[in-house]
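We will go from stop to stop, selecting a few residues at a time.

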Amino acid sequence: MTRILLLGGTTEASALANMLAETGADAVFSYAGRTAKPVSQPLPTRVGGFGGVEGLAEYLRTESITHVVDATHPFAAQMSTNAVHACAAAGVALCTFERPAWQAGEGDQWLHVDSIDAAVNALPDAAARVFLAIGKQNLTQFAVKPQHHYLLRLVDAPEAPLPLPHTTVEIARGPFDAAGDTALMQRHGITHVVAKNAGGAGAAAKLTAARTLGLPVIMIGRPDVPARPIKGSVAEVMAWLSHPAA
Ligand SMILES: NC(=O)c1ccc[n+]([C@@H]2O[C@H](COP(=O)([O-])OP(=O)(O)OC[C@H]3O[C@@H](n4cnc5c(N)ncnc54)[C@H](OP(=O)(O)O)[C@@H]3O)[C@@H](O)[C@H]2O)c1
């Protein structure tokens with residue numbers, strides 16, 4: 001009997017949940033619990049960490065999971081790494097959905113960096129107006145450049161004071177569109193964009209807007225995760241799940 005654990009937190013994870021529900025699959029959806037009101041799913045849903053590799057391996061055994069689909073964000077490297085090791089330990093099949101990374105096109109002014117700290121260093125010394133489009137994690141690292149004004153776009157209003165002295169917080173949940181992001185950046189006089197190379201359509205609008213406005217983008221490359229089987233589309237994941245040898 002196939003029983004699936006779907007690790008979520010992305011648009012594609014939600015699409016997979018809908019497809020699995022439609023096919024009547026025996027599946028559990030898992031959220032980390034980072035947002036106050038996560039998108040509700042048509043599958044039984046659990047929320048919160050498993051307790052590292054050991055905790056996840058134990059969960060897989062206890063819940064008789066046969067297949068894990070890792071559809072977390074490309075920057076959720078800890079969860080993805082844990083999934084690789086826990087599935088190996090528990091003898092469970094693992095498949096990762098991963099969006100192709102964004103590629104710079106004509107008219108883009110991207111500076112590629114490989115870490116959050118490198119993105120901080122890449123910001124100018126003179127005061128700038130920065131669209132810090134990286135979610136709520138890692139904001140502390142930008143505190144060493146307090147001279148900038150930071151525009152943050154967050155799903156939930158911050159509960160604690162922000163570590164940055166000059167901020168504007170925009171509360172919004174994607175997907176976003178290019179016209180809206182262009183207007184947002186104009187309204188806030190943005191001079192620089194900092195982005196994680198998440199890939200996908202829902203968060204790409206800021207890059208189109210930056211191109212339109214001729215703004216530089218500091219693009220943070222993806223963190224490393226151990227080698228694992230990767231599917232590039234929701235359809236490929238569904239095909240993998242229906243294959244008896246998966
Ligand atoms: N990082 C981003 O930029 C970003 C952007 C958009 C959405 N998200 C989503 O937000 C969630 C957290 O991201 P993150 O960067 O904090 O991940 P992370 O650093 O890789 O994960 C940290 C810990 O959070 C728990 N966790 C993460 N994803 C989980 C899931 N789907 N179900 C249950 N536990 C989970 C695990 O705790 P235990 O070790 O206790 O199991 C994991 O070790 C992910 O589901 C991701 O898809 C992340």
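**Stop 1: H5 and H6**

H5 and H6 are oblique to each other, and that follows from their angle: helix H6 covers residues 205-213, and the two helices pack at about 60° with their axes 8 Å apart. Keep in mind as you look around that this is a predicted model. The crossing of H5 and H6 is right-handed.

Now show side chains on both helices. On the H5 side, select Ala178, Asp181, Thr182, Met185 and Gln186; they meet Ala205, Lys206, Thr208, Ala209, Ala210, Thr212 and Leu213 of H6. Coloured by class, this contact shows 6 nonpolar, 4 polar and 2 charged residues.

**Stop 2**

Next, select proline 175, which sits in the loop between strand S9 (167-171) and helix H5 (178-187). Is the peptide bond from glycine 174 to proline 175 cis or trans? It is cis, with omega near 5°.

**Stop 2: H2 and what covers it**

Move on to helix H2, residues 52-62. Pick out Gly55, Leu56, Ala57, Tyr59 and Leu60, which are buried in H2. Which elements cover them? Among the covering elements are S1, strand S2 (27-31), strand S3 (45-47), S4 and helix H3 (77-90).

Keep H3 in view for the helix pair. The axes of H2 and H3 come within 8 Å and cross at roughly 50°, so this pair is oblique. H2 passes H3 in a right-handed crossing.

For the contact itself, select Gly52, Val53, Leu56, Ala57, Leu60 and Arg61 in H2. Their partners in H3 are Met79, Asn82, Ala83, His85, Ala86, Cys87, Ala89 and Ala90. By class, the H2 and H3 contact holds 10 nonpolar, 3 polar and 1 charged residues.

**Stop 3**

Serine 64 has a positive phi of about 55°, although it is not a glycine. Its relative accessibility is 47%, so serine 64 counts as partly exposed.

For another example, jump to asparagine 138, in the loop between strand S7 (129-133) and strand S8 (149-154). Asparagine 138 is a residue other than glycine, and its phi is positive, near 70°. Asparagine 138 counts as partly exposed because its relative accessibility is 26%.

**Stop 4: H1 against H7**

Now select residues 11-22 for helix H1 and 234-242 for helix H7. How far apart are their axes? The axes lie 10 Å apart, and the helices pack at an angle of about 45°. H1 and H7 are therefore oblique to each other, and H1 passes H7 in a right-handed crossing.

Show Glu12, Ala15, Leu16, Met19 and Leu20 from H1, which meet Val234, Val237, Met238 and Leu241 from H7. The residues of this contact divide into 8 nonpolar, no polar and 1 charged.

**Stop 5: the two sides of H7**

Stay with H7 and turn the view to look down its axis. The buried residues here are Val234, Val237, Met238, Trp240 and Leu241. They fall within an arc of 160° when seen down the axis of H7, so they line one face of the helix.

What do the buried residues of H7 pack against? Show strand S1 (4-7), H1, strand S4 (67-70), strand S5 (93-97) and strand S12 (230-231) to see their partners.

**Stop 6: glutamine 103**

For the last stop, select glutamine 103 in the loop between S5 and strand S6 (109-113). Is glutamine 103 buried or exposed? Its relative accessible area is 66%, so glutamine 103 is exposed.

Leaving aside neighbours within four places in sequence, glutamine 103 is in contact with Asp108 and Trp110. Finally, draw a distance between the C-alpha atoms of glutamine 103 and glycine 199: they are separated by 8.6 Å, while the residues are 96 apart along the chain.

Definitions and conventions:
Residues numbered from 1 in each chain as written. Predicted model: local features only at pLDDT ≥ 70, side-chain atom pairs only at ≥ 80, totals over all residues. Heavy atoms only, no water. Axes fitted to C-alpha atoms, helices over the stretch in contact; angles between N-to-C directions. Helix = DSSP H or I, 4+ residues; strand = E, 2+ residues; numbered from the N terminus. Parallel < 35°, antiparallel > 145°, perpendicular 65-115°, else oblique. Left-handed = near helix turned anticlockwise from the far one by under 90°. Contact = heavy atoms within 4.5 Å. Nonpolar A, V, L, I, M, F, W, Y, C, P; charged D, E, K, R; others polar. Buried < 20%, exposed > 50% of the residue type's maximum accessible area, 1.4 Å probe, protein only. Arc of directions from axis to C-beta.
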